[in-house]
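Me: I am new to this structure. Please walk me through how to read it, feature by feature.

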Amino acid sequence: MKSLKMLLSLLLIGLCADLAVAQTMETRDMEHRIDLLLHQMTLEEKVGQLVQYNYGDVKNPEQLVRRGRIGSFLNPPADAGEVNDLQKIAVEGSRLGIPLILGFDVIHGYKTIFPIPLAEAAAWDPELSEQAARIAATEATAEGIRWTFAPMVDIARDARWGRIAEGAGEDPFLGSALAQARVRGFQGEDLSDPQSVAACLKHYVAYGAAEEGRDYNSVDISTRTLREVYLPPFHAGVEAGAVTLMSAFNDLNGTPASANWFTLTKVLRQEWGFQGFVVSDWNSVGELLNHGVAGTPAEAGAKAITAGVDMDMVSGIYADHLVELVRNGTIPVSVVVRAVRRVLRVKYALNLFDNPYTDTRRAGREILNPEHVNFARKAGTESIVLLKNERHLLPLDKSVGSLAVIGPLADSPYDMLGSWHARGNPKDAVTVLSGIQHTVSPDTKIRYARGCPITGDSTAGIAEAVDAAAVSDVALLVVGEGADMSGEAGSRAHIDLPGVQEQLVRAVVNTGTPVVLMLVNGRPLALPWEAEHVPAILETWQLGIQHGNAVADVVFGDHNPSGKLPVTFPRATGQEPLYYNHERTGRPPQAENKFSSKFIDIPIGPQYPFGYGLSYTTFKYSNLQLDQSSIGPGGTLTVQADVTNTGDRPGEEIAQLYIQDVVASLSPPVKELQGFSKISLKPGETRTVTFTLGPKNLGMYNQEMKDVVEPGEFKVWVGPNSTAGLEGAFQVVRR
Ligand code: BGC
């Protein structure tokens, strides 16, 4: 309890700062209404606002609501009418009529399921991500959901970690841009709009840095890495107006995220001025006992609320112990009041007090409407990454004589949805086989063979697949991971093709029929044999309900692929965690030097680098120009380059800008993405891409953890991925 006392004194300092910001930012009217309400609330009713249960796990939810003992349910019934009935008990049947906030994991679509977030990140298109989130919000709110546990903005540098599927990949700059876009999409221009959902930035923080990439495992990283890599997308999301955050399962350097005053109060409230509320992750308050930082549930509850966890997801500890903790003097009532105020602010912002019910006619009109479904197809096509295309095997002609469509994922609707597919239904999902059947000419002969299961060791179907490939003009091989092999608790120790799929791939390739490999997966895979021996490879991820149509659009050239990898693809699992923006070693890898930083059993570097992706056309970069050769530490500079479509079909290119601080007080990363621009070019057309660099891009956290721009030389590259591009340089000088 000693550490708790320390936390409490820090907290009082925090409380003052918190209220001061509130006065300036929130409308006085809302704060006034909250004050009036708080005055009327009993301690039990206050605590009730901080309690969240899983709807299906509660025996008598109506009674809890009527007595004001609950502020929120997650996973409510999938029916606006039923949700309205529940809300009616809160609004009309409880003493103070405080509405419920109903939360659900709407991660990449509600019923219209979009590409998994990692896939969508490959589009490098904030507008597209915003629109997808907006559609998801529209559909979810049509069934009474006003709060989504998304976006997941965890940076993931380790492909073994299954939850890499749920975020935007390994880079804080891209991750921040997409975090903001998704918050804007979910929350819309106005949270009070009945089609807006409150966003929840999760999992705060550094959950993606779990040791071994093993889910829920400990995290031990420097404060510098925390500030430079893991915090930025959360900060960006807060700046975009996200009204809630979720505290993570993991410990961070020994302090569990759900009892971490430094991250939850010092950084989030005092440095960033966050006004909304923090919900714990599922039972993460209860798990403080497993972490070994609390001896009793009461102590766990005291630590969590004191650190800054406002709402307790499912552990029941706040419900069972907070009243007593206040009454026996362990927790000042002001701590509870503060948390309640934050929850009520969000309920007000959603306009739940004045408009608590959902128009039950909306679901029929809005869910899965054709516009949404078409957008899922577009998002799918933009998310596909062309990794290899020898001798222009792709795109295929729609009147190709015969195709063999092979693989355990070629006709598996459920697996197209990916993890966390909300209320997505496999019956709405278009598989690769059906997408292709609908696209090719009626004369094309299609032979389908599953070949083998996704996991397991049965090779019984391989012979049939080989026969189909041997007599077809082209074989389309659809292999990878099932939907449940990534996402939560989906860590893998071997990130290659599961089961006997590699055997299937080798057997089909050995027929001599040209093969297009299509990967379906929720993480980078290590496929060195395929990268060398298969002529064409498409990274198709898990694209949601329009998977098969999006793939067909790309395979037959109706859409020219433009996606770029938001994560590094390794050659072997043993390279993980593998990421492009690593610090510099004293012995950089050199092929001819054994005593340099490398493995002795694989070539140097990744299989496919961050930012990589091909097109059916080609692009040339030229004419790099910097408008100044030197700037002051607070100055800005413009960087331009010309990009020309040198091929014979229109295409989109994602031009990327990287920088390197050449010499700094702490070893700087080899490269850092600081700009990107997606442009469309007709054959022969040239366009200029323009980027601005300023203190936000050039700064680094120094030894004192101050964000500073240090004078000296900076290199800059503009190019097609993190390993190529035109190089320039400029100086930051003290003025
Ligand atoms: C996950 C969260 C999710 C929550 C509620 C937890 O197990 O870690 O991401 O939002 O469950 O479903």
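Reply: Start with a strand pair: β11 and strand β16 (residues 536-539) run antiparallel and are joined by four bridges. Two strands pair if DSSP finds at least two bridges between them. Strands (E, at least two residues) and helices (H or I, at least four) are DSSP runs, numbered from the N terminus. This is a predicted model: local features need pLDDT of at least 70, side-chain atom pairs count only at pLDDT 80 or more, and totals for chains, interfaces and linings use all residues. Residues are numbered from 1 along each chain as its sequence is written, and side-chain values use heavy atoms, with hydrogens and water left out.

Me: Which residue in β16 is the bridge partner of Lys-388?

Reply: Ile-537 is the partner of Lys-388.

Me: Is β11 enclosed or open to the outside?

Reply: Read burial first. Buried means under 20% relative accessible area, exposed over 50%, and partly exposed in between (1.4 Å probe, protein chains only). In strand β11 (residues 385-389), five of the five residues are buried, so the strand is largely enclosed by the rest of the structure.

Me: What about strand β15?

Reply: Strand β15 (residues 515-520) has six of its six residues buried, so it too is largely enclosed by the rest of the structure. Look at its two faces. Val-515, Leu-517 and Leu-519 point one way, while Val-516, Met-518 and Val-520 point the other. All of these are buried.

Me: Which way does β14 run against β15, parallel or antiparallel?

Reply: The general idea comes first. Strands of a sheet pair through backbone hydrogen bonds, either parallel or antiparallel. Here, strand β14 (residues 474-480) and β15 run parallel, joined by six bridges. Find Val-478, and you will see Met-518 of β15 opposite.

Me: How do I read a whole sheet?

Reply: Follow the strand order. Gln-656 stands opposite Gly-719 of β25.

Me: How many disulfides are there?

Reply: The count is zero. A disulfide is a pair of cysteine sulfur atoms within 2.5 Å. Cys-200 has 0% relative accessibility, so it counts as buried. Cys-452, at 3%, counts as buried as well.

Me: How do I read aromatic pairs?

Reply: Check distance, then angle. Rings of Phe, Tyr and Trp (its six-membered ring) pair if their centres lie within 6.5 Å; planes under 30 degrees apart count as stacked, over 60 as edge-to-face and the rest as tilted. The structure holds 20 such pairs. Trp-161 and Tyr-207 are edge-to-face, at 5.0 Å centre to centre and 85 degrees between the planes. This pair links distant parts of the chain, 46 residues apart. Trp-161 sits in the loop between β4 (147-148) and α8, and Tyr-207 in the loop between β5 (200-204) and α9 (223-230). Both Trp-161 and Tyr-207 are buried.

Me: Which pair shows the stacked form?

Reply: Take Tyr-608 and Tyr-612, with 5.4 Å centre to centre and 20 degrees between the planes. Both tyrosines, Tyr-608 and Tyr-612, are buried. Ring pairs also build a cluster of Trp-124, Phe-173, Tyr-580, Phe-610, Tyr-658 and Phe-676.

Me: How is empty space found?

Reply: Rolling a probe the size of a water molecule over the atoms shows where empty space is left. On a 1 Å grid over the protein atoms alone, a cavity is a set of points where a 1.4 Å probe fits but cannot get out; a pocket is an open set with protein on both sides within 12 Å along at least five of seven lines; lining residues have an atom within 4 Å of a point. Grid points are joined across faces, edges and corners, and a volume is the space filled by probe spheres set on the points.

Me: How many cavities of 30 Å³ or more are there?

Reply: Six. α7 gives the largest share of its lining, four residues.

Me: What is the volume of the largest pocket?

Reply: About 1100 Å³. It is lined by 37 residues, and the closest to its centre are Pro-172, Ser-176, Glu-228, Pro-232 and Lys-696.
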